[in-house]
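Visitor: I would like a close look at a single part of this structure. Please keep the explanation plain.

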Amino acid sequence: MPPRANAALIRHRQFDCSVATLRAMGVRVLYGEDGFIPDQPGEGRPENYPWHLALEAAASAHG
């Protein structure tokens, strides 16, 4: 999950390419509908960050 990304940062043309490259390499990227959906700049609420998804993914990766 991109912890400091917001909607403005992900509009960079390289972002989607980078996510696709990571996924093609077998990396589970928790981004989008099944993970993290960025807020608009200045609207971030750290308490709403879906840490449970990252922790669940880390736990399942270790078996």
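Visitor: Is Met25 buried or exposed, and what is its relative accessible area?

Guide: Please note at the start that this is a predicted model. Met25 has a relative accessible area of 62%. The cut-off for exposed is over 50%, so Met25 counts as exposed. Met25 is found in the loop between H2 and H3. Together with Leu22 and Val27, Met25 makes a nonpolar surface patch of about 280 Å².

The protein chain contains three helices and zero strands, and from the N terminus on its elements run α-α-α. Its C-alpha atoms fill a box of roughly 35 × 30 × 15 Å along the principal axes. Of the 63 residues, 27% count as buried.

Now go to helix H2, which covers residues 13-24. The expected span of a helix is 1.5 Å times one less than its number of residues, so the 12 residues of H2 should span 16 Å. The end C-alpha atoms of H2 are 18 Å apart, which agrees with that value. Just after H2, Gly26 takes a positive phi of about 95 degrees.

The next point concerns aromatic rings. A pair of aromatic rings is described by the distance of the centres and the angle of the planes. The structure holds one aromatic pair. Phe15 and Tyr31 form this pair, with 5.1 Å from centre to centre and 75 degrees between the planes, which is edge-to-face. The pair links distant parts of the chain, for Phe15 is in helix H2 and Tyr31 is in the loop between H2 and helix H3 (51-61), 16 residues apart. The loop that holds Met25 therefore also holds Tyr31.

Buried means under 20% relative accessible area. Met25, at 62%, is exposed.

One more residue shows how the chain meets itself. Asn6 lies in the segment before helix H1 (7-10). Leaving aside neighbours within four places in sequence, Asn6 is in contact with Pro38, Asp39, Gln40 and Pro41. The C-alpha atoms of Asn6 and Leu55 are 21 Å apart, and these two residues are separated by 49 residues along the chain. For the protein chain, 61% of the contacts between residues at least 6 apart in sequence join residues at least 24 apart.

Definitions and conventions
Residues are numbered from 1 along each chain as its sequence is written. This is a predicted model: local features need pLDDT of at least 70, side-chain atom pairs count only at pLDDT 80 or more; totals for chains, interfaces and linings use all residues. Side-chain values use heavy atoms; hydrogens and water are left out. Helices (H or I, at least four residues) and strands (E, at least two) are DSSP runs, numbered from the N terminus. Contact means heavy atoms within 4.5 Å. Rings of Phe, Tyr and Trp (its six-membered ring) pair if their centres lie within 6.5 Å; planes under 30 degrees apart count as stacked, over 60 as edge-to-face and the rest as tilted. Patches are made of residues with over 30% relative accessible area and no salt bridge: like charges are joined within 9 Å, nonpolar side chains (Val, Leu, Ile, Met, Phe, Trp, Tyr) within 5 Å. Accessible areas come from the Shrake-Rupley method with a 1.4 Å probe; for residues, only the protein chains shown count as cover. A salt bridge is a side-chain nitrogen of Lys or Arg within 4 Å of a carboxyl oxygen of Asp or Glu. Buried means under 20% relative accessible area, exposed over 50%, partly exposed in between (1.4 Å probe, protein chains only).
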